[in-house]
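Subject: Structure handover

Hello,

Here is the structure you were going to look at. My notes follow below it.

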Amino acid sequence: MAMELKESSHSKQTTELMTMVQAINNGLRTMLEEDERIILLGEDIGKNGGVFRATEGLYDVFGDNRVIDTPLSEAGIIGTSIGLSVNGFRPVAEIQFLGFIYPAYEQIMTHVSRIRMRTMGHFTVPMVIRAPYGAGIRAPDIHSDSTEALFTHMPGLKVVCPSGPYDAKGLLIAAMEDPDPVLVLENMRSYRAQREEVPVGKYAVEIGKGKLVREGTDITIIAWGAMIAIAEKAADHMEKKGVLCEVIDLRTLYPIDREIIAESVQKTTRAVIVHEAHSTGGLGNDIVSIINDTSFLYLRAPIERVTGFDVPVPLFALEDHYTPTVARVIEGIERVLDF
Amino acid sequence: MEQDYPIKRIIDNEGFLLDSSYESQISEKLAKEFYYHMVRVRTFDRKAINLQRQGRLGTYAPFEGQEASQVGSALALESADWIFPTYRDHGATLTFGADMVRTYLYWNGRVEGCVPPEGKNIFPPAVPIATQIPHAVGAAWAEKMKGTTNSAITYFGDGATSEGDFHEGLNFASVFKVPVVFFNQNNGYAISVPLDRQMNSATIAQKSIAYGIPGVRIDGNDCFAVYFETKKAFEHARSGKGPTLIEAVTWRTGAHTTADDPTKYRSDDEGKDFVDPIDRLEMFMKNYGYWDDEWASGIREKTDLEIEAAVEAMESFPAAEVRDLFNNVFENMPTQLIEQKDIYLAHLRRV
């Protein structure tokens, strides 16, 4: 984190304590000021400031032409954003909850992700899609999905998933400056879970780079989004037992940072992958492949995956049983160590 | 267009009959039935908000203001009909026979809340927008294929008309002359977005033209207009003539949900002309000599007791079973899911 600040030309810029949702708001504001091609589209993002207040105050500053309350139509939001993108704008579309993105799935899968390729680079779609995701806030049905793997499976789309305020703003700005479409997944329970010092000016966190959030020698835990906090608690617990866990925050889910995974696993020789999404077809399987491809002969035990189950995310009375818990991660770590 | 689709009213805002042709059809019994159900569902709704504030219920989507639309339309159904509601339509589902305890359970994150009473064709509330519209078309289409006279009604808001599923549902229903009633509650807002930002059309009823089906615009706060126009739409459906689009013009008096703050986007004077549908019915009953103070307080007392008992039953309902996380995903659980379940249950026994 500190390194990135040094690398940037804004190393002396002032910082403020921000929650993740404040950092996202600040990132949107920074780029609306910086780049007149940026426009925001979404349901309830204008006057209301977004259902999570991610766009609070932006409508008052930048007006209805740049912070646009749209009709209630996800396919319409993404489809028109494609047209805006190919004709000079840089739309940042908010989908109110990831669980409501499915009407736009066709637009993303068939057009957003392949227009560059289908026109040999003539038309491009430098748009950003922001979507809150994940369980754990006692939200109503469908609001808690964690279906990142549906999107990492789409060739031509980048997917990022910050776990805290600094990365959220930096990745969002990187997404807005990226020449290709980027889906930014924002975990709902992380929105106000912690505050961090965040530069008030412009900076970017490079897409495609994971982050070592905790150094260790005995086992690597790979996670992202809300699972970082769970992984760290499990690591705290293991440390008391003399086991030093290394924790990697993947941050970008496509393209995945293979080097950070390989380097860590080759050092620790063991790995546990934690994700909130369903097990089958989950991104954990791709990470297992990466470890297989890069580090197979270093491994001292099979890789464990601690994930959501192969069931629809339940209504909230059972949601704590759906998402990986600290206790499940600890058991996963112990299974690897005891192999 | 507004002239082509005038708002149909049977009683005015002061509770006087505007259309004397209905005089013979509106009995004291009918008025009292409407009043009872509207008071009942409002008490349910207000209690839900209170429970949420006290941390005894999850996020809740109130329907206050829309009682005449929901009760009036639900009373027009026959018992074997189908109902496809949203999360803001408990006024309709409770009137049609949904279980109150389970309706509260739904908002406490309990899947038991999605299960209708035996023999009642009540679909779980649709949480994405407009997705239930094609479902209703399919269920009604099945009734037609089976040769029954049963029908289906689907509820949706003004915002839902912007989704593709609205178009697809209405198109299918019109092509296949499906016996379905599209009941739109135009309550002025989709969360924070007002109607004039949702659509360029002056009315929702006029969208029926595009499908070649009847469209009618009614005062959604006039329970009689709602009831008789919905009845007509059902007669149209049951006689093989296909669907009708009803636009019930009403008002969401409160927030989108208990997590929403309408002062962010709605000024105080908006909705100032709104006359509460229950007050309006009370005025009507007083104007025509149907009102009885003792009866009314009896209704309130009975309703309060029912709701207190429902809350108590909701709160003493057996705790959620972890196995229900895995059960019913399929009829026969696949091996890998059995394994996930067994591993997790064993884990729970250890921790």
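In chain A, 80% of the contacts between residues at least 6 apart in sequence join residues at least 24 apart; two residues are in contact if their C-beta atoms, placed from the backbone, lie within 7 Å. This is a predicted model, in which local features need pLDDT of at least 70, side-chain atom pairs count only at pLDDT 80 or more, and totals for chains, interfaces and linings use all residues. Residues are numbered from 1 along each chain as its sequence is written, while chains are lettered from A and ligands numbered from 1 in the order in which they are written.

Chain A overall

Chain A has 13 helices and 14 strands; these are DSSP runs numbered from the N terminus, with helices being H or I of at least four residues and strands E of at least two. Its radius of gyration is 20 Å, close to the 20 Å that the globule rule gives for 339 residues, so chain A is as compact as a globular protein of that length. (The radius is taken over C-alpha atoms, and the rule is 2.2 Å times the number of residues to the power 0.38.) The C-alpha trace of chain A spans about 60 × 45 × 45 Å along its principal axes. Of the 339 residues in chain A, 57% are buried. Here buried means that 20 or more other C-beta atoms lie within 10 Å of the residue's own, exposed means 12 or fewer, and partly exposed is in between, with C-beta atoms placed from the backbone.

Cores

The largest nonpolar core has 100 residues, and A:A175, A:V184, A:I221, A:A231, A:V272 and A:V274 have the most contacts inside it. Such a core is a set of buried Ala, Val, Leu, Ile, Met, Phe, Trp, Tyr and Cys residues joined through C-beta atoms within 7 Å. Helix α8 (residues 165-177) of chain A gives the largest share of this core, eight residues. Domain 1 (8-199) and domain 2 (211-337) of chain A both contribute to this core, so it lies between them; the domain bounds come from an automatic or database domain assignment. Leaving out residues up to four places away in sequence, A:V274 touches residues including A:I221, A:M227, A:I230 and A:A231.

Helix α9 of chain A

Helix α9 (residues 227-240) of chain A has 14 residues and reaches 20 Å from first to last C-alpha, close to the 20 Å expected at 1.5 Å a residue; the expected span is 1.5 Å times one less than the number of residues. Among its buried residues are A:M227, A:I230, A:A231 and A:E232. Their cover includes β9 (211-214), β10 (219-223) and α13 (326-337) of chain A. Just after α9(A), A:G242 has a positive phi of about 85°.

Backbone points to check

A:R251, in the loop between β11 and β12 of chain A, is not a glycine but has a positive phi near 60°. A:R251 counts as buried, with 28 C-beta neighbours inside 10 Å. A cis peptide bond, omega about -5°, joins A:Y254 and A:P255. In chain B, B:A130 is likewise not a glycine and has a positive phi of about 75°.

Where the chains meet

The contact between the chains involves 34 residues of chain B and 32 residues of chain A. On the chain B side, α11(B) gives the most, with four residues.

Regards
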